[in-house]
Amino acid sequence: MEDKELNLVDHLEELRKRIIISALAFVVFFIAGFIYVDDIYRWFVGDTKLMVLGPSDIMWIYFMLATVIAVAGTIPVLALQIWLFVKPALRPIERKITLSYIPALFFLFLLGLAFGYFVIFPMVLDFLVKMGQDMFVTNFTAERYFSFIMNMTLPFGVLFELPVVVMFLTSLGILNPYVLGKVRKYAYFVLIIIAVVITPPDFMSDFVVTLPLLLLYEISINLSKFVYRKRLKKLQQEEDEIIEA
């Protein structure tokens with residue numbers, strides 16, 4: 001009983017260590033983002049002058065942009081800490097495979113942000129501006145403008161990580177392609193709802209967003225099949241080696 005309690009304490013201490021490291025990484029990237037927020041801001045808006053309704057809006061913009069940089073920078077660090085936490089429970093081959101997912105996790109997050117910013121954001125913004133151009137004078141505040149950008153980009157940053165997350169969970173034996181296949185119609189329904197909610201109410205916009213999301217799910221299933229087969233093969237080899245020994 002005491003051994004189990006000690007083991008639990010060790011696990012909690014290790015978890016605390018990983019959380020602290022991740023939190024420190026977030027703070028470091030947040031400070032870096034705060035320092036370079038002026039360059040980041042100008043990259044987004046160019047020479048366009050956006051309005052602010054009060055001094056607090058300026059600080060809010062600083063914090064929001066710095067937070068986005070901090071989240072993007074912390075993702076690989078957090079993934080590495082999760083891997084280090086579960087590493088003792090993994091077989092050597094599982095350690096190598098799952099470790100390789102960490103860079104992919106970061107790049108897919110950036111790819112999702114890029115898709116949201118360069119494809120979804122201009123499409124939705126153009127639709128909304130044209131819809132109200134005969135009725136309203138269009139002036140953007142910095143707060144609303146950047147909130148809109150975040151709403152159009154961050155969800156795709158998360159969704160684009162689906163293939164890597166699925167591969168990681170398959171490697172650990174938590175998921176398998178057969179389960180993903182069985183829930184396909186429910187997953188499609190959820191992804192279509194997400195696409196319809198975040199896009200303008202026209203078929204073309206819905207289609208442009210829905211297609212990549214469904215494609216991501218199908219890619220996830222096929223990658224899961226590949227990882228699952230390799231995992232079964234490796235487990236069978238290990239069993240054969242034990243029997244021969």
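Tutor: Helix axes here are lines fitted to C-alpha atoms over the stretch in contact, and their angles run from 0 to 180 degrees between N-to-C directions. The model is predicted, so local features need pLDDT of at least 70 and side-chain atom pairs count only at pLDDT 80 or more, while totals for chains, interfaces and linings use all residues. Residues are numbered from 1 along each chain as its sequence is written, and side-chain values use heavy atoms, leaving out hydrogens and water.

The axis of helix 5 (residues 101–132) comes within 9 Å of the axis of helix 3 (residues 55–86), and the two cross at roughly 155°, which makes helix 3 roughly antiparallel to helix 5 (an angle over 145 degrees). This crossing is right-handed, meaning that the near helix is turned clockwise from the far one by less than a right angle. On the helix 3 side the contact (heavy atoms within 4.5 Å) is made by Val71, Ala72, Ile75, Pro76, Ala79, Leu80 and Trp83, and these meet Ile102, Leu105, Phe106 and Phe109 of helix 5. By class, the contact has eleven nonpolar residues, no polar and no charged ones, where nonpolar covers Ala, Val, Leu, Ile, Met, Phe, Trp, Tyr, Cys and Pro.

Helix 5 also packs against helix 7, with axes 9 Å apart at an angle of about 155°, and that makes this pair roughly antiparallel as well, although the crossing of helix 5 with helix 7 is left-handed. Here Tyr101, Ala104, Leu105 and Leu108 of helix 5 touch Val164, Val165, Met167, Phe168 and Ser171 of helix 7, a group that divides into eight nonpolar, one polar and no charged residues.

Turning to helix 7 itself (residues 162–171), seven of its ten residues are buried, so this helix is largely enclosed by the rest of the structure; buried means under 20% relative accessible area with a 1.4 Å probe, protein chains only. Those buried residues are Pro163, Val164, Val166, Met167, Phe168, Thr170 and Ser171. After helix 7 comes Gly173, whose phi is positive, near 85°.

Definitions and conventions: Buried means under 20% relative accessible area, exposed over 50%, partly exposed in between (1.4 Å probe, protein chains only). Helices (H or I, at least four residues) and strands (E, at least two) are DSSP runs, numbered from the N terminus. Angles under 35 degrees count as roughly parallel, over 145 as roughly antiparallel, 65 to 115 as roughly perpendicular and the rest as oblique.
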